Amino acid sequence: MYDVAVIGGGLLGCAVAYHLARAGTRVVLLEKDELNRHASGQNAGSLHFQLEYRMVADGDAAAERAARALPLHLDAQRAWAGLAAELDAPVEVVQHGGLMLAETADELDRLRRKASLERRHGLDVTVLTGAELTSLAPYLAAGVRGAAYAPGEGKANPRLVTLAYARAASRLGADLRTGTRVTALTREAGGWRLTTTPTAAGRGARTDGVRAAAVVLAAGVWTAELAAMADVRLPVVPVALSMTATAPTTPFLPHLVQHVGRRLSMKQTSDGNVLIGGGSPAKFRAVDGRIDLETAPELRYESLVGNADAARVVPAVLRLPVLRCWSGATTLTPDQLPVLGPLPRRPGLYAATGGSAFTLGPTYARLLAETLLTGEPSLPIDAYSPARFGFLNAV
Ligand SMILES: Cc1cc2nc3c(=O)[nH]c(=O)nc-3n(C[C@H](O)[C@H](O)[C@H](O)COP(=O)(O)OP(=O)(O)OC[C@H]3O[C@@H](n4cnc5c(N)ncnc54)[C@H](O)[C@@H]3O)c2cc1C
């Protein structure tokens, strides 16, 4: 019998397990594949604290609604700055600032409204134009009219972060079981019984299931599937995305670059590769008429061309050969806010997913662990409650 069972060995699951173990909780983490195998290890590594393109594309009311997550952005900005020291591990966090670009007068206007909204919520962001922008970012194309500059933005290495949390959790006594798929969740006296089955990744994995007083669903695109095992419908939407990495070159791009008018995120890794993404779609495969979440989504030629085209705001990138393209899957919610907190009418069952959960993962995880431990997270999370959808019900 554990105090808490965490389902999912991505960034969220490993970070929740770390925070719980640090507080002395008996915690087990169950991962069907390897740790960091899915979105947490495949993402672009952007630490973006400004509202993203998808949050401001649908007008001011939608942007105001998405801005309800800005307290999480501010918290995460601080959390990343101290993460390497906290976990005592290299995670390649660089916070040299981020620029969100505008190329047209309309986009510049949208950028200004966005920055003013963000400043009201406490984010340090300034709109730069002309010589001020050129001197900060001489690599930008001449057609860029302005940019919102947030000095706390940056990047981290997705290949390192989740595993750093996992090692720290393990050092603190968390029981991390890979190759172990949860196939059923059953409520019973004093908690939950989790039925498990070993997968190909889990040679020697145990098959005897797990009992725990509380369960955290941190299963990325599979979170809705797991919630359904407890007869709860979570309206999170799986989204397939593609990424492009160029061959390495000498450092020339110190900032995270995004665009206010279209999907784009671009940065240079510590090895010199430029990563281009920001939401260009890939295509889910189907199996038996359903989305196949187990197989990497199919890359779409148009998206890869789109990534290259989007990169024209930094002309030097267009001369770099493409080294690798890949796809991954993540979750969004209908209102762009995370799902974070207890599931109503399911005592001891919690969920964390949705949105930019690499950037916000350290914060989601800490707040969820605090909720489990004390019922009083250090920031209010009611706005992100799974209960807000109102139609949570038996599937
Ligand atoms: C291409 C791409 C680029 C992205 N870029 C960024 C970015 O730059 N910045 C940003 O902030 N976010 C980005 N994201 C989003 C970010 O990666 C995700 O929000 C985040 O990694 C989600 O972490 P997670 O732990 O919830 O999910 P995951 O990393 O997907 O982990 C969930 C885990 O649960 C396991 N699991 C599922 N079902 C079961 C089960 N039944 N039993 C046991 N285990 C189970 C899975 O195997 C998986 O390992 C990007 C996503 C993609 C795909």
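Modeller: The axes of helix α1 (residues 11-22) and helix α13 (residues 361-374) come within 8 Å and cross at roughly 45 degrees. This is a predicted model: local features need pLDDT of at least 70, side-chain atom pairs need 80 or more, and totals for chains, interfaces and linings use all residues. Residues are numbered from 1 along each chain as its sequence is written, and side-chain values use heavy atoms, without hydrogens or water.

Colleague: Why are α1 and α13 called oblique to each other?

Modeller: Under 35 degrees counts as roughly parallel, over 145 as roughly antiparallel, 65 to 115 as roughly perpendicular, and the rest as oblique. The axes cross at roughly 45 degrees. Therefore α1 and α13 are oblique.

Colleague: Which residues of α1 and α13 meet?

Modeller: Contact means heavy atoms within 4.5 Å. In α1, L11, L12, A15, V16, H19 and L20 meet residues of α13, including Y364, L368 and L372. By class, this contact has 12 nonpolar, 2 polar and 1 charged residues.

Colleague: What makes a space a cavity?

Modeller: On a 1 Å grid over the protein atoms alone, a 1.4 Å probe fits at its points but cannot get out; lining residues have an atom within 4 Å of a point. The structure holds 3 cavities of 30 Å³ or more. A volume is the space filled by probe spheres set on the points. For the largest cavity, that is about 60 Å³.

Colleague: Which residues lie nearest the centre of the largest cavity?

Modeller: They are M55, Q336, S356, L360 and Y364, out of 13 lining residues.

Definitions and conventions
1 Å grid on protein atoms, 1.4 Å probe; cavity = no way out; pocket = protein on both sides within 12 Å on 5 of 7 lines; lining within 4 Å. Axes fitted to C-alpha atoms, helices over the stretch in contact; angles between N-to-C directions. Helix = DSSP H or I, 4+ residues; strand = E, 2+ residues; numbered from the N terminus. Nonpolar A, V, L, I, M, F, W, Y, C, P; charged D, E, K, R; others polar.
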